[in-house]
Amino acid sequence: MNHNATIVGAIDDARSADMAYEVLARGGVAVLPTDTLYGLSARISSEEGIRRISAAKGAPNDRRYILLASSIEMTDRFVRSYGCGSRAMLAAAWPAPLSVIVPAGPDCPAWVGPTVAIRVPALAPLRALIERLGEPIVSTSVNRTGSAPLDDPHEIRREMGAEVDLILTGGDANHAASTIVDLSGKSPGVVRRGSYDWAEAGEANPSK
């Protein structure tokens, strides 16, 4: 693997998307723009990629990463249920910067644990890349644990280029993080308020 990461074009550029696919398909790590922050990403099935991301962040035992799926049909394969929410609610809300914590399904690797945070991002080229891979990717902010997320591709290359294989540009990626709502209990709980208004998804009555 190249340990001096290359910066390539935007994710909506076919050649750049092909390069990202090749890196991720072989188990590597790429920095990808999302509808929120830039993310360190690898295929969910790449144990080596996940390990490298954890090492790059300086938290080798922390794997509390959000999964990005291409569609709710893909999330169906990796969750056991939608907890105290409903599939219909999320089908109406996604794609959006809304992550939900729900019971993990049997297709999730063991490292995921009993619950999983997952969402369908509101960036069509990213969803197309994930669909091509055929499985979710992990996504976590590009930073050392305890530091602010990096939002400039060249700064990312300076700070973490030795630990990733490819960096895609995405214009202005300096956005708020996704909203995270825990649906794994008896009632929804907002874990992190971000760029999605949870009330829009039916906070008052999540079963609808």
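Which residue's side chain is joined to that of Thr36 by a polar contact? The partner is Arg119, at 3.3 Å; a polar contact is a pair of N or O atoms within 3.5 Å, where within protein one must be able to donate a hydrogen and the other to accept it, and residues adjacent in sequence count only if both atoms are side-chain atoms. The model is predicted, with local features requiring pLDDT of at least 70 and side-chain atom pairs pLDDT 80 or more, while totals for chains, interfaces and linings use all residues. Residues are numbered from 1 along each chain as its sequence is written, and side-chain values use heavy atoms, with hydrogens and water left out.

Thr36 is located in the loop between β2 and β3; helices (H or I, at least four residues) and strands (E, at least two) are DSSP runs numbered from the N terminus. With a relative accessibility of 5%, Thr36 counts as buried, the cut-offs being under 20% relative accessible area for buried and over 50% for exposed, with partly exposed in between (1.4 Å probe, protein chains only). Its C-alpha atom is separated by 9.3 Å from that of Leu123, 87 residues apart along the chain.

Helix α1 comprises 12 residues (14–25) and reaches 16 Å from first to last C-alpha, close to the expected 16 Å, which is 1.5 Å times one less than the number of residues. Buried positions in α1 are Ser16, Ala17, Ala20, Val23 and Leu24. Seen down the axis of α1, these residues fall within an arc of 125°, so they line one face of the helix; the arc is that of the directions from the helix axis to the C-beta atoms. They pack against β1 (6–10), β2 (30–32), β3 (39–43), α5 (124–133) and β8 (166–169), contact meaning heavy atoms within 4.5 Å. The exposed residues Ala14 and Arg15 are carried on the face turned away from the buried side. Just after α1, Gly27 has a positive phi of about 95°.

In helix α2 (residues 47–57), the buried residues are Gly49, Ile50, Arg52, Ile53, Ser54, Ala56 and Lys57. Their cover includes β3, β7 (137–141) and α6 (153–160). Gly58, which follows α2, has a positive phi near 80°.

The largest pocket is lined by 34 residues, and Arg64, Tyr65, Ile66, Thr140 and Arg192 lie nearest its centre. A pocket is an open set of points on a 1 Å grid over the protein atoms alone where a 1.4 Å probe fits, with protein on both sides within 12 Å along at least five of seven lines; lining residues have an atom within 4 Å of a point. β6 gives the most to this lining, with four residues.
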